[in-house]
Amino acid sequence: MTAPDALAYDVRSVSVQHGDVRALDRVTLTVGSGASVALVGPSGAGKTSMLRVLAGVLSPTRGCVQLFGADLHDLRRTGALPAMVGLMPQRLDLVPQLTVKHNVQAGALGRWGLFRSLVALLLPVENPLARAATARVGIENRFLQRVSDCSGGEQQRAALGRLLVQDPRVLLVDEPVSSLDPARADQLLGLLRRLSDEDGRTLIASLHSPELARRHFDRLIGLRDGRVVFDARSSEVTDALLEQVYELTAPREPVQVAPERRGGSAPAG
Amino acid sequence: MTRAVEHRLVGVRPRPRGRTALSVILFGAVALAILRLDHPTGLLHQGGGQALARIARSVLSPDLSPAFLAIVAAAAMLTIAYAVTGMTVALLIAIPGAIIVSGALIDDRAVRWTVSTGARGLFGALRAIHELVWALLFLTILGLTPLAGVLAIGIPYGATLARVLGEHLQNVPREPLEALVTAGASRWQQLVYVRVPIASANMFAYVAYRFECAVRAAAVLSFIGLGGIGYRLTLSLHDLRFDRAWTLIGALVVTIAAIDVASGRVRRRLTA
């Protein structure tokens, strides 16, 4: 639908101020269509704020964001945004009292009228779209279960299924694996990346773990105190760069490149 | 850190001196007031002691004759019918009322606040008037008709339900709502896909509790002559038939307990 080198995001000098706290400080970056980008950095670095700005949920105090060449603010006003961006927040945002099916099909509400939404909620009608999305995220056996009866990993997948039904061009995912054990975290990120690539979507996720980010994403953006500290292909992200983002003291000049200390972290291909 | 600051931080105030002495004085004052108040006639009126003894004795021998049980059953059914129709009127008011109070369908923040606060005030005023007062009011307007009883329950209960259910719809976690907003859902869709399912268990519990209250209210309202358990109870007490009074009270207790059990079952199914 878009030329491979087209721009998904063009973020220009965006700042977000929450009272005295500056969550984002003059962030400028671009993201190509179909790219896979991980935002890494410690807690409070501004990853969530960044994703919320990109999703159009949070309006920047300063600066502007363009999405596929159009102003994000205008897209939100005209109601075009749901077809373009979908956000999967960190905190559970499913409705636990409803079934997986109902939660997944809620992704289509932007395209449905009220009558159709009500029929789909109240009558046991089959929904091929929701079923297909649920199958793709690997929990079709849970289709008619209540979300409250699902495990944390299954709920995560249900939220992803809802995003697939929404069918946006950009997927924004905030800390998708923070509550999963390492094996399941790896599996879910693999799934996320595969689904995104299969449909040619742009994927931007925030992650605590730089190892997982390097393994599953092509590009890493390091955030600290609301600023971009580095922005590099994942094969070029060294431990020294990561240390600048994660170290507990204030950032200093780049340290000497340390020998590979983490044996298991093979760079992504 | 000084003691005062410390206490403020942990939310505990230092225990004032002489508190026990104050308690003793207050307790003595209350006891004295009660004794003085009842001085002329005593706690019970003349013959009250005897009546009490009779009432207590007849607990053990309630009137369970088939003829009277048939009357009790009919009275209980009538009381439940008043409660059901009253609650129906109440829900007809409360469902749109709760949506208005919650402000869930209004985009503009200022308009939402105005409408929500205005509706809250209106319902607050309606429910401030007790159902017995509504009953007397409608009795004057409509005469001794069933409609007077139904409206007397329906209006104040509808107002109370609208306020409380509206708050239930309002106090829903932000995250699921936001998720649907980013998916492009309208406010109506957010209402039916997020607010109602999340609030449903609490809303149902409150409606069931109010239904119990409505049964009690219907029993009381029937004292004014509308028929039902309360009416039968006045007749029995006038005749000094305490054995029958106990049967009627038992019927009321059984009715309320049955509603409680049934609503508990449904509530457990709704609770996630």
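How many residue pairs are in polar contact between chain B and chain A? In this predicted model, the count is 9 residue pairs, with both residues at pLDDT 80 or more. On the side of chain B that touches chain A, the elements giving two or more residues are α8 (174-182), α9 (187-221) and α11 (242-270) of chain B, and the residues on that side divide into 13 nonpolar, 4 polar and 4 charged.

The contact as a whole draws 29 residues from chain A and 21 residues from chain B, and the area buried between the two chains is about 2000 Å², with carbon and sulfur atoms giving 63% of that area. Between chain B and chain A there is 1 salt bridge, and a salt bridge joins the side chains of A:Arg52 and B:Glu178 at 2.9 Å, N to O.

The largest nonpolar core has 57 residues, and the members that touch the most other members are A:Val177, A:Phe217, A:Leu220 and B:Tyr193. Another core, of 42 residues, lies apart from it and includes B:Ala94, B:Ala98, B:Phe211 and B:Ala217. As a general background, nonpolar side chains in soluble globular proteins tend to be buried together.

Is B:Thr79 buried or exposed? B:Thr79, which lies in helix α4 (residues 66-102) of chain B, has a relative accessible area of 1% and is therefore buried, since this value falls under the 20% cut-off. Leaving aside its neighbours within four places in sequence, B:Thr79 is in contact with B:Val215, B:Ala218, B:Ala219, B:Gly228 and B:Ile229.

These details can finally be set against chain B as a whole. The secondary structure of chain B comes to 11 helices and 0 strands, so that, read along the sequence, the pattern is made of α elements, one after another, as α-α-α-α-α-α-α-α-α-α-α. Of the 272 residues in chain B, 39% are buried, and among the contacts in chain B with a separation of 6 or more, residues 24 or more positions apart account for 75%.

Terms used
Residues numbered from 1 in each chain as written. Chains lettered and ligands numbered in written order. Predicted model: local features only at pLDDT ≥ 70, side-chain atom pairs only at ≥ 80, totals over all residues. Heavy atoms only, no water. Core = buried A, V, L, I, M, F, W, Y, C linked by side-chain atoms within 4.5 Å. Buried < 20%, exposed > 50% of the residue type's maximum accessible area, 1.4 Å probe, protein only. Helix = DSSP H or I, 4+ residues; strand = E, 2+ residues; numbered from the N terminus. Contact = heavy atoms within 4.5 Å. Buried area = accessible area lost by both parts, 1.4 Å probe. Salt bridge = Lys/Arg side-chain N within 4 Å of Asp/Glu carboxyl O. Polar contact = N/O pair within 3.5 Å; in protein donor to acceptor, adjacent residues only side chain to side chain. Nonpolar A, V, L, I, M, F, W, Y, C, P; charged D, E, K, R; others polar.
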